[in-house]
Amino acid sequence: MRAVVLDEAGQPALADIPEPDGAGAVFRVLACGLCGSDLEKIGVAPAGTVLGHEVAAELDGRRVALVHHLPCGECERCLNGHESTCDSFRAATIVPGGFAERARAVETLPLPDGIDDATASYAEPLACVLRAAERLPQGRVLVVGNGFVGRLFGAVLGRRGDDVFAVDLDPRRGGRPPDGPVDAAVLCAPGGATEAAEALEPAGTLLVFAPSSPLDLDAVYRRELTVIGSRSATPRHMREAIALLPELELPEPTVLPLERFHEGLDLYRSGDALKVVFTP
Ligand SMILES: [Zn+2]
Ligand SMILES: [Zn+2]
């Protein structure tokens, strides 16, 4: 089957690879979103890696979202709500990955009619945002980095009644800048940690949702800030995301075939596309 595979230099290239084997059923991939965390693995992950974890797929005419990671649900970290740090969580449950014609998965969730395949691939990133938002205090919230993930936060927080502001280094992406100190800030882009902390009221909360720059801990001490991290999603949040998808107003994706993977990569890296989704 065709798949985008990392070569010896860690660079993606379209290749013919064997059908996936291992546990779970084989699904036909309908759409797979490109995520910032995929970009982090380019040039780093071993040869043969197939990226992609935001997958809408189909088997026997039934559309499903593939579940990317599975927590054990029983260990102390899982029970305390830190499922993404569970020892079982790391193992990939989508094999070989979503940028392929077919993929195996051990856990799936049914998709409703009425959302197209590309939008259905938003279930995974939206689930990550829903999980993070649970830990964010309500009120005036600043989103730092107003790309696709920032827009997901804007939609989710706005829906629950927060007063949402957004800033971005890219002037094309600027949102509504804050008109005063905020109760919480969400870091959705690398860098910006100091600026985000400075925007907070004393005793405010900083949620780190992306690889981040150093933060001045003296400010944490003197202003009694709370810093929390959130990464990835659980099957419960995937289920909630799928139910919520038809109700949210979200950015349109740029949809490209796998053959145009490099073009999609360039569009995403340059910021010309907010979200790129590939179809096999
Ligand atoms: Zn992702
Ligand atoms: Zn666990």
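Reply: Gladly! This is a predicted model. Let's begin with helix α8: what covers its buried residues includes β5, β8 (108-110), α4 (123-133) and α5 (148-159). The buried residues of α8 (residues 235-244) are Pro235, His237, Met238, Ala241, Ile242 and Leu244.

Me: Which residues hold the zinc ion (ligand 2), and at what distances?

Reply: The coordinating atoms are the SG atoms of Cys72, Cys75, Cys78 and Cys86, at 2.3 to 2.4 Å. Along the chain, the donors are spaced as C-x2-C-x2-C-x7-C.

Me: What makes the arrangement around the zinc ion (ligand 2) tetrahedral?

Reply: The angles decide. Four donors count as tetrahedral if all angles lie between 85 and 135 degrees. Around this zinc ion, the four donor atoms subtend 104 to 115 degrees, so the arrangement is tetrahedral.

Me: Why is Cys72 called partly exposed, and what makes Cys86 buried?

Reply: Buried means under 20% relative accessible area, and exposed means over 50%. Cys72 has 34% relative accessibility, between those limits, so it counts as partly exposed. Cys86 has a relative accessible area of 3%, which is under 20%, so it is buried.

Me: How do you know that Ser84 is buried, and what is it in contact with?

Reply: Its relative accessible area is 17%, under the 20% cut-off, so Ser84 is buried. Ser84 lies in the loop between α2 and β6. Leaving aside neighbours within four places in sequence, its contacts are Phe89, Arg131, Arg231 and Ser232. The Ser84 side chain also reaches the backbone oxygen of Arg231 at 3.1 Å, inside the 3.5 Å limit for a polar contact.

Me: What makes β10 and β13 edge strands?

Reply: The open sheet has five strands in the order β10-β9-β11-β12-β13, with parallel pairing. β10 (163-167) and β13 (226-229) each pair on one side only, and that puts them at the edges. On average, neighbouring strands of this sheet are turned by 20 degrees against each other, direction ignored.

Me: How do you know that β12 and β13 pair?

Reply: Two strands pair if there are at least two bridges between them. Strand β12 (residues 200-208) and β13 have four bridges, in the parallel sense, so they count as paired. Thr205 has Thr226 in β13 as its bridge partner.

Technical notes: Residues numbered from 1 in each chain as written. Chains lettered and ligands numbered in written order. Predicted model: local features only at pLDDT ≥ 70, side-chain atom pairs only at ≥ 80, totals over all residues. Heavy atoms only, no water. Donors = N, O, S within 2.8 Å, 3.2 Å for Na, K, Ca; no water. Tetrahedral: all angles 85-135°; square planar, octahedral: opposite > 155°, others 65-115°. Buried < 20%, exposed > 50% of the residue type's maximum accessible area, 1.4 Å probe, protein only. Helix = DSSP H or I, 4+ residues; strand = E, 2+ residues; numbered from the N terminus. Axes fitted to C-alpha atoms, helices over the stretch in contact; angles between N-to-C directions. Polar contact = N/O pair within 3.5 Å; in protein donor to acceptor, adjacent residues only side chain to side chain. Contact = heavy atoms within 4.5 Å.
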